[in-house]
Amino acid sequence: MTGPRMLAEVTSVNAPLFEGARRGELTLQRCEDCLQLRYPPASRCPSCLSAASSWARMSGTGTLFSWIVMHRRYLAGFDDVLPYPVGLVALDEGPLVLTRLLGDPASIQCDQRVEVEFEDLSAEISVPVFRVVVEADPA
Amino acid sequence: MAPTSVSDKVAIVGVGTTDFGAEYRLKRPDLTAYDLAAEAFCTALGDSGLQRDEVDGLLCARVPTYERLATMIGLPHARLVNCYEGTGRMSGVILQDAVRAVATGAATTVACLYGNNGRSAGARYGGSRNDPRCQATTAIYDEMQGMTSPGAYVATMYRRYQHLYGVPDGALAPLAINSRLNASKNPNAVMREPITREQYMATAFIAEPLRLFDYCLVNDGGVAFIVTTAERARDLAKPPVYVSAIASGSDLSNYYTSQDFFYSTASRVAADLYEQCGVTPRDVDCLQAYDNFTPITLFTLEGLGYCERGQAWQWIDDGKRISLDGELPLNTSGGHTSESYMQGWALHVEAVRQLRGESGDRQVPDCTIAQYACLSPITTSHVLRTNP
């Protein structure tokens, strides 16, 4: 499992996701007819079936639906972070996003707040990743 | 509207399995998926007492093509033929399609065949390079984030389940222990040494919170079952096992993870099923639950109405309730974590053997009603009975 991380093929449908991340913005595809957000990128709105879409900037914050720690090496390009946490984040705007989590697994819990950061993976591809927000101790 | 009932018009009349223990120990790389499916077919044919040429339907999975399998076993002119994708959810889908075909007269006798040489061929469940099916999905977006494998998605569901219902670490141990104990009484099982809670807890995390013993046992093997009309079934070699009800539903997303652990889909499937045949969970003598990973068994018990939502981990009563002499014997062959991961196929065969009284040391006394269920993106469940 050595070698570089496997990356998505950049297409006209998904390129804005990676370009947004490169600028430091989390952008999601939004249907121009019914305004429904969708992720991952797709050529058609699953709600109204419209093919018209644009990209909208998200707040970059959300809540952790659930999370795991990957202990087993399945994929190339993750050896330096193994074992690492991965989570399913419900963005404040609604959609679910599967993401690597930054932070100490010992401090992660379901329903915690998370916020986006960005990771450059290649010349073309940057992706959003999420960091668990550790609440300041009120004491 | 309730689906049309197949109500005992169709029976399973022949079953066959290859030697799962030998496949695991010997890793016979010279055997192709076709060889394994053909071996299971010949066993099932002999078991049924049917002549090969009475078979007019062939539904298969996991083998690369139906052409090669059909020509190999001399069925070049079947009326009904198809090869389904190689996922475990397809064993239940194929049984249901075969039953509907026989019930409607589209075919009279359908061979349902499975051959898998994935282990010796080096298949891994995770990483889209290894799974042609994934290349057509959105899996790559998850893989760029380090997420892959069905077990990891199930672990994601289970962590949420733990959070919602206050489930402590180790709550899955009784499921793994129960399956291993059942496998110790099954000569065809791969892993036959009973395990303790301490051994379970000591195994490594794969996708935490799941440990090695929560994972299915990937193996090579072949499985077959043959279905025909209830009329034809009456004078064959073995007592017929009637298909009393079938139901299915789906919860499809970009992830294997269902946000309600397949609960709403499974509840609808179960309601359909029980309405068709009048059977309720209280009547079921043994349950064969698709257990690619142990948490799915808990979700199954809840979704099918065996217990309240969020309660299955306590309902199993440290394994006592699901043991061979308990209220609901579960995965009596050892299931996917101890017998062999035959993607639901061998669980069907075990249901038939229990109903026929052929399960030897692991036989459930007076077993007349068995249920199969697979909770997954496609959920299927059937009720099988000895007497309509």
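Author: Let's start with B:Ser244, which is found in strand S7 (residues 241–250) of chain B; strands (E, at least two residues) and helices (H or I, at least four) are DSSP runs, numbered from the N terminus. This is a predicted model, where local features need pLDDT of at least 70, side-chain atom pairs count only at pLDDT 80 or more, and totals for chains, interfaces and linings use all residues. Residues are numbered from 1 along each chain as its sequence is written, chains are lettered from A and ligands numbered from 1 in the order in which they are written, and side-chain values use heavy atoms, with hydrogens and water left out.

Reader: Why does B:Ser244 count as buried?

Author: Buried means under 20% relative accessible area, exposed over 50%, partly exposed in between (1.4 Å probe, protein chains only). B:Ser244 has 1% relative accessibility, so the residue counts as buried.

Reader: Which residues does B:Ser244 touch, not counting residues up to four places away in sequence?

Author: Contact means heavy atoms within 4.5 Å. Among its partners are B:Ser5, B:Asp8, B:Cys277 and B:Arg385.

Reader: What makes A:Asp111 and B:Arg160 a salt bridge?

Author: The rule asks for a side-chain nitrogen of Lys or Arg within 4 Å of a carboxyl oxygen of Asp or Glu. Here the closest N and O atoms are 2.8 Å apart, so the pair qualifies. Across the interface of chain B and chain A, the rule finds one salt bridge.

Reader: How many residues of each chain are in contact there?

Author: In chain B 34 residues are in contact with 39 residues of chain A. The predictor gives the complex an ipTM of 0.95 and a pTM of 0.95.
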